[in-house]
Amino acid sequence: MAGIRLYEELCKGVEECGICVEMCPKKLFKPSGNLNRKGYRPPRLTDVAACTQCENCMIFCPDLAIAVAEKRGRRKVKR
Amino acid sequence: MTEIVHPLHRFIRPHVTSTTNCPGCGNGIAAQAILRAIDELGMTLDDFVFVTGIGCSAWIPSPFFDVDVLHTTHGRPIAFALGIKMGLPEKKVVVTSGDGDLAAIGGNHLIHNARRNIEMTVICLNNRIYGMTGGQAAPTTPLGLKTATTPYGTFENPFDISELVIAAGATFVARWTTYHPRQLTAWIKKAIQKKGFSFIEVITQCPVQYGRKTGSGSAVEMLREYKERSISVKEAAGLPKEKIQGRIVVGELVDKEAPEMLEEINRMRKRASGEKT
Amino acid sequence: MMGNTACAEGAIAAGCEFAAGYPITPATEIATRLAERLPRVGGVFLQMEDEISSIAAIIGASWTGKKVMTATSGPGISLMLENIGFAIGVETPCVIVNVQRGAPTTGMPTAGVCGDMVQPRRGSHGDYEIIALCPASPQEMFEHTLLAFNFAEKYRTPVFVLSDAFVGHMREEVLIPEPGKIPIAHRKIPAVGMDPQKVQGFLDENVAPMPIFGKGFRSHVTSSCHDEYGKRNLSDLAALDNFVRKLCNKILSHKRDIVMVEGDYEGAEVVLVSYGAVSRAARMAADRAREEGLPVGTLRLITPWPFPGEEVGEMAKKAKKVIVLENNLGQLYPFIKAEAAHYSEVFFLPPRVIGEIHDPENILKQIREVLK
C-alpha cells in the first residue's frame, strides 16, 4: 500500500458505490474480505506496483476515503 | 515514510466523522472538486462564506466544510447570499444547492441575481430529482420519467437551467458532470475568480432516489451514462439541434463582462454624496 | 414629519446600515426614505424581487454584523413568515415594520386596520416568542423603531413594529435627539481568535454571543434543530425540546426588561385597554369621561408581545369593568380577557366600521352603558 491509503471507515462499499473500482484505469481495486464498522465492504488494492498514481480513485471517491501519495518531482499546486 | 494523508481532510469540520451522502452520491465528488479548487487557488476556507438551501446538496458544506455556513430555507440561499455579500464584500460567497431548490422554489432569486450580476458563485447540483424527500419529479426531470409524484411518467418539459441563467444575464456559466471532476475543479476556480455572477451546473448522480427508483442504474452506471452522453461545447456548436437532443453539453457556455452590482452600488453612493462618477 | 418617514429616521439613528424591501402600500414611504438616506450614511437600500428575498437578504446581512430592517404591510409579512421563523430559530437581530392595512388578502391598502396583531406571534410555524411594538404617533414611529433595533440586538431576535396606515401616513412634529444622546445597543459577539470548536453561539436563555461571519468562527448556522454549538440534531426529541424551550425562554425570562405599557387608571372603575392609533381615541374618551366625573382610566399596550399578561392582570384587579378597543374584530381581546376576566368584567368594542378609529363619543356611550 505504499502509494495509496484507504480510509476504510469512511468508505461506503464496493457494492453500493464502487466508483473507485470503475475509475481505476488499471482496474486495481477488488472487494476486500472484510466489512467496516458500518457494514460496508471497502475495496483493496491488488497490485500496488502497477499503480501509476493517476489519482482517479482519490478524485472520484465521494467520501474522500482514498488518498494517493504525492508523486515525487511533480508540480505541486496548479493555479 | 510519512503517513499519507488525504490533502483535503484538513478542510473538514473536526467533529464530522463521515459524509451524510448515500453510497455513490455525486455530491461527494462535487464536494471534493470544490475543496480542491479552493486548495489549488491557494485560498483557505476563511476566505469564504457558504450559503445553502434545503436538499442533499445543501449538506455539501453543512456540516462537512470547516467554514462559515448559513443553511437556510428552501429555495432562498441566493437571496440570503446577497445580504451576506453586501456585508462582507471581500469574502467569496458560494451557494451550493440543488436543481429543485434553485430552479423550482428558488427560481425567482436565481434569475434576479443573475440579472444583477452580483459577485457570487452558485454551484447547482443537478440530479434531476428531489432526492432528500424521496424521489419526486423536479423541473429538470426528463419528460416521461416515472417518479414518486409522477407514477405514470412526467408530463412537463424540463428546464435547461444553464440556458435559463444565461438568459437572465449571468456573466459566467459552465456545465460539467461528476464524470468530469478535474474539469469541474478547474471551472470552479475560474468561477470563484470571476468578478460577477458565476454559475456552475453539475450534472450529478443520485443513485438511490433517481438511479434505483426510476430504474436508471447504479452510481457507476449513471457515471458511464454521463461519459457517453457528454458532448463538448465546440462539438455541439457544429451539430443540428436534433442531434444534441438527449446529450449533455459540457464546458464553458458563457464568459462575458457586464456591470457588477457591488461596483454599481459604489458608483451610486458617490452620486448620492454629490461626487462625480 | 410623516410617521413612515420618522420610522426610517429611527432606523438610521439606530445605526441601520442595510435595508431591503418591496413596494407595498402603505409602507412604501419607508423604503423611499431609506433609499434616499442610507447611501449617504454608508449604507444601502435594496429593492428586492419580492418580500421573501427582502427578509432573506436582511437576515444574511445581519449575519455579517450589520443592523438591518425591512418594512412592508400584511401581505408582505405573510410572505416573509417562513424566513422570520428562520431568523428566530438561528437568533438573528432584525427589525420588521408592518404598516398594517385593510385585510384579508389585498383588502384595502389605504385603510388603517390593525388586522395583523397576532400574526407576529403565531404566523410562523412552531412554538416561539416574539417582540412587537405598537407606535401611536409619528414620534413613536421614530422612538419605537429605535427601540426595536436595540431589542433586536440585545435579544438576538426579529422585532416587529406594528404600525398602520393611519400612524404611518399621519404628520406630526417629531423631535429627534442629537446622535450622541441616543442609546444604542450592540449584539455581543464571541472573543475573536477563540477556538471555533468551543464557540457556543446559540440557545442561551441569557443570549449567546452571536458568532457572525467573517471573524474566523467558522459558524455552522442551520435552520435545522441544533444545539448550543450550532450542531444539527434531527433525531433526539430532547434536542428539539431544548431548541424550542431555550428560544422561548430567552424572551420570556426577560419580560421585565421588554414589556411596556402605559397605565393611567388610578381610582378607575372602567379601564379602556387599547394600542396604536385607537389609543388616541381612548385617551380622548377617558379625558371626556373624567370631565363628567366618571371613574375611567386607560391602559395602553406598547408591547403587545411578549404579551403583558401581568400588567393586564394588575390593572384588572383594580378595575371593575374593562373595555377592550381594537380596530379589528378582536385580535388581542382573547388574550386580554384571559388575564382580566378573573378580576373584572371584560367587554369588546370595535369601531362603528372596521377601518375607522373609534369615535370617542361611541366609546363614552359604551362606558356609560357598562357603568349602569
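Predicted model: local features only at pLDDT ≥ 70, side-chain atom pairs only at ≥ 80, totals over all residues.

Student: Which pair of chains has the most contacts?

Tutor: One begins by asking which chains touch. Here 2 pairs of chains touch, and the most contacts are between chains B and C. Chain A and chain C do not touch, and their nearest C-alpha atoms are 18 Å apart.

Student: How many residues does each chain give to the contact of chain C with chain B?

Tutor: Chain C contributes 35 residues and chain B contributes 33 residues. On the side of chain C that touches chain B, α3, α4 (74-89) and β7 of chain C each supply at least two residues. The largest share of that side, 8 residues, comes from α3(C). By class, the side of chain C that touches chain B has 14 nonpolar, 13 polar and 8 charged residues.

Student: What is the class make-up of the side of chain A that touches chain B?

Tutor: The contact between these chains takes 19 residues from chain A and 22 residues from chain B. On the side of chain A, α1 (19-23) and α2 (56-60) each supply at least two residues. That side divides into 10 nonpolar, 2 polar and 7 charged residues.

Student: How should I describe the packing of α2(B) and α3(C), and at what angle do their axes cross?

Tutor: One looks at the approach of the axes, their angle and the handedness of the crossing. The axes of helix α2 (residues 77-87) of chain B and helix α3 (residues 51-62) of chain C come within 6 Å and cross at roughly 40 degrees. Therefore α2(B) is oblique to α3(C). The crossing of these two helices is right-handed.

Student: Which residues of α2(B) and α3(C) make the contact?

Tutor: From α2(B), the residues include Phe80(B), Leu82(B), Ile84(B) and Met86(B). From α3(C), they include Ile52(C), Ala56(C), Ile58(C) and Ile59(C). The residues of this contact divide into 12 nonpolar, 4 polar and no charged.

Student: Let us turn to the sheet. What is the order of its strands?

Tutor: The 9 strands form an open sheet with mixed pairing, in the order β7(B)-β8(B)-β5(B)-β6(B)-β4(B)-β3(B)-β1(B)-β2(B)-β7(C). The edge strands, each pairing on one side only, are β7 (230-232) of chain B and β7 (220-222) of chain C. From one strand to the next, the twist averages 20 degrees.

Student: Which domains does the assignment give for chain C?

Tutor: The assignment gives domain 1 (3-181) and domain 2 (260-371). Taken over C-alpha atoms, 27 Å separate the centres of these domains of chain C. Their contact takes 22 residues from domain 1 and 19 residues from domain 2. On the side of domain 1 that touches domain 2, the largest share, 3 residues, comes from β5(C). That side of domain 1 has 16 nonpolar, 3 polar and 3 charged residues.

Key
Residues numbered from 1 in each chain as written. Chains lettered and ligands numbered in written order. Domains from an automatic or database assignment. Contact = placed C-beta atoms within 7 Å. Helix = DSSP H or I, 4+ residues; strand = E, 2+ residues; numbered from the N terminus. Nonpolar A, V, L, I, M, F, W, Y, C, P; charged D, E, K, R; others polar. Axes fitted to C-alpha atoms, helices over the stretch in contact; angles between N-to-C directions. Parallel < 35°, antiparallel > 145°, perpendicular 65-115°, else oblique. Left-handed = near helix turned anticlockwise from the far one by under 90°. Pairing = 2+ DSSP bridges.
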